[in-house]
Amino acid sequence: LILGVRPFQAISSPDEVFEKIADGESIYLPEKYETSEDPMYVALVDMMHRCHNLDPEKRPNAKDVVRYFDDVLFIFKDSTAWD
């Protein structure tokens, strides 16, 4: 989404990807996104981390994701932060 590549794209084996995820490794995001104060990146990075939670019960479902971004857009719709 942000980087234009699939997570773990450099790894060809699904088993190796599974091992990395099981070991707690998350998707790589460059520091400029992780530390950005841009509301768009803050919202995207926050949701990406939520979606990659190792505990499936703590991951948002599709409705949660839509609701989250509806809220974000509502908060910022009149803000110049998105310009």
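**Figure 1. Aspartate 64 and arginine 67 in helix H4.** Aspartate 64 and arginine 67 are three residues apart in helix H4 (residues 62-76), which puts about one helical turn between them. Helices here are DSSP runs of H or I with at least four residues, and strands are runs of E with at least two, both numbered from the N terminus. The two side chains form a salt bridge, with 3.3 Å between the closest N and O atoms. A salt bridge is a side-chain nitrogen of Lys or Arg within 4 Å of a carboxyl oxygen of Asp or Glu. Aspartate 64 is partly exposed, at a relative accessible area of 30%, and arginine 67 is partly exposed at 47%. Buried means under 20% relative accessible area, exposed means over 50%, and partly exposed lies in between (1.4 Å probe, protein chains only).

The model is predicted: local features need pLDDT of at least 70, side-chain atom pairs count only at pLDDT 80 or more, and totals for chains, interfaces and linings use all residues. Residues are numbered from 1 along each chain as its sequence is written, and side-chain values use heavy atoms, with hydrogens and water left out.

**Figure 2. Aspartate 46 and arginine 50 in helix H3.** Both residues lie in helix H3 (residues 39-51), four residues apart, or about one turn of the helix. Aspartate 46 is partly exposed, with 27% relative accessibility. Arginine 50 is also partly exposed, with a relative accessible area of 40%.

**Figure 3. Lysine 20 and glutamate 25.** The side chains of these two residues meet in a salt bridge, at 3.7 Å from N to O. Lysine 20 has a relative accessibility of 26% and counts as partly exposed. Glutamate 25 is partly exposed as well, at 39%. The structure holds three salt bridges.

**Figure 4. The chain around these views.** The chain has four helices and zero strands, and its elements run α-α-α-α from the N terminus on. The C-alpha trace spans about 45 × 30 × 20 Å along its principal axes. Of the 83 residues in the chain, 22% are buried. The chain has 9 positive and 17 negative side chains, and the centres of the two sets lie 5 Å apart. Lys and Arg count as positive and Asp and Glu as negative, while His and the chain ends are not counted. The place of a charge is taken as NZ of Lys, CZ of Arg, CG of Asp or CD of Glu.
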